[in-house]
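Dear colleague,

Please find below the structure that I am handing over to you. My notes on what was found in it follow directly after.

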Amino acid sequence: MAWLRERDVQTVMGPMNPNMHHECGLLVDGFDDAPRIGMPYNPPYYPDLFAAGGFTPVKELLSWRLSPTDPRLKRWAGYRDMPRRKGGLTVRAANWRRFSSESDLVRELYHACWQDNWGFAPATDAEFTYLARQIRLLAPTGVRIVEHAGTPVGFSILLPDFNQALAPARGRLTRYGWPVGAWRVWQGRHAITRGRVMALGVREDSRAQGATLALVTDAVAGALSRGWNELDVSWVLEDNRAANKPLAAAGATIHRRHCLYARCVRHSEPCSCLAAHAHPALDTQPPRGPETLPRPAP
């Protein structure tokens, strides 16, 4: 803390690696489930260490589990083409042959969709290019762009859970001078049975046109076509009811929670600095329990 005080830092928040565009949050619930790609996993005693260090939970990040074959999604099937027929919407995969222009387009949409979200900070060109190259390698067709009358208005990112393919390598990619582990990972790709919706956003002025529904149904269709039996939608801010409510109505359940913590650097005792200098949406009360979230329709 002395190092931070010397640099006039007032509050510190995390964990983030290194910011909210990447892995962030401390796992606080859901230790009995296997970790998903791109989501942090830590021992159960870590939250106690943070509390002992004077850190306060400030925001909870929810991971939703959705089954593409859930009966509650059947009613969505009839609506799948409605936004496209009536709203002039089309959903396409990003064309990585035009990497530079497509990467710039997704970055523009990303900033437009998330600029008002809690904790958001614009990504630099170099940072976003690095992320785009990673995603192109992991899921060449996983970036989906929704267009309204030919104008891009939103996007989603759907990744295979490569953690399932990494498990057969047993933590080693090489052995005795021959890539046994790499071969096992290559073979393990056939065992992938789930995916993760890493991001989904639509411009504010286009949400009433059915673009969000078009992206969600497109993700479900993509999971079914790949033979996946599970979609992990993560992460979603605890107070983002615009996202949490339809997920619950679609039959999704919360299966994991991560938490962001913060601490005032200037004071050793509890103070009001966190509330005074936080984003207006910051809630320094303990994260809400699942009973405060909307429940799936019967």
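The buried residues of helix H5 pack against strand E6 (89–93), helix H6 (125–138), strand E7 (143–148), strand E8 (151–160) and strand E9 (194–202). Contact here means heavy atoms within 4.5 Å. Buried stands for under 20% relative accessible area, exposed for over 50%, and partly exposed for values in between (1.4 Å probe, protein chains only). Helices (H or I, at least four residues) and strands (E, at least two) are DSSP runs, numbered from the N terminus.

On the buried side of H5 are Phe99, Glu102, Ser103, Leu105, Val106, Arg107, Leu109, Tyr110, His111, Cys113 and Trp114. Cys113 is counted as buried because its relative accessibility is 8%. The helix comprises 16 residues (residues 99–114), and its end C-alpha atoms are 22 Å apart, which agrees with the 22 Å that it should span at 1.5 Å a residue. That expected span is 1.5 Å times one less than the number of residues in the helix.

This is a predicted model, in which local features need pLDDT of at least 70 and side-chain atom pairs count only at pLDDT 80 or more, while totals for chains, interfaces and linings use all residues. Residues are numbered from 1 along each chain as its sequence is written, and side-chain values use heavy atoms, with hydrogens and water left out.

Confidence is expressed as pLDDT, the predictor's confidence in each residue, from 0 to 100. The chain has a mean pLDDT of 81, and 80% of its residues reach 70 or more. Over residues 276–298, pLDDT stays under 50, and the model has 52 contacts beyond four places in sequence for this stretch. Where pLDDT is low, the predicted coordinates should not be read in detail.

The chain as a whole contains 11 helices and 11 strands. Of its 298 residues, 42% are buried. Among contacts between residues at least 6 apart in sequence, 77% join residues at least 24 apart. The accessible surface is about 15,800 Å², and carbon and sulfur atoms account for 55% of it; the areas come from the Shrake-Rupley method with a 1.4 Å probe, and for residues only the protein chains shown count as cover.

Next, the interior. A nonpolar core is a set of buried Ala, Val, Leu, Ile, Met, Phe, Trp, Tyr and Cys residues joined through side-chain atoms within 4.5 Å. The largest such core has 21 residues, of which Trp64, Leu66, Val197, Trp228, Leu231, Val233 and Leu247 touch the most other members. Strand E5 (56–66), helix H9 (211–225), strand E10 (230–237) and helix H10 (241–249) each supply at least two residues of this core. Apart from it lies another core, of 20 residues, among them Ala94, Leu105, Ala123 and Ile157. In soluble globular proteins, nonpolar side chains tend to be buried together. Beyond its neighbours within four places in sequence, Leu231 is in contact with residues including Trp64, Leu66, Leu158, Val197 and Ala223.

Which backbone features deserve a note? Most residues other than glycine have a negative phi, and most peptide bonds are trans. A cis peptide bond joins Gly14 and Pro15, with omega about 5°; Pro15 is placed in the loop between strand E1 (11–14) and strand E2 (16–17). The bond from Ser234 to Trp235 is also cis, with omega near -5°, and Trp235 is found in strand E10. Asp8, which is not a glycine, has a positive phi of about 60°. Asp8 is in the loop between helix H1 (2–6) and E1 and counts as exposed at 70% relative accessibility. Ala149 has a positive phi near 55°; this residue lies in the loop between E7 and E8 and is exposed, at 66% relative accessibility.

Finally, the cysteines and one pair of residues. A disulfide is a pair of cysteine sulfur atoms within 2.5 Å, and the count by this rule comes to zero. Cys24 is buried, with a relative accessible area of 2%. Asp32 lies in the loop between strand E4 (26–29) and helix H2 (46–52) and is exposed, with a relative accessible area of 76%. Asp32 and His255 are 223 residues apart in sequence, yet 9.7 Å apart in space, C-alpha to C-alpha.

With kind regards
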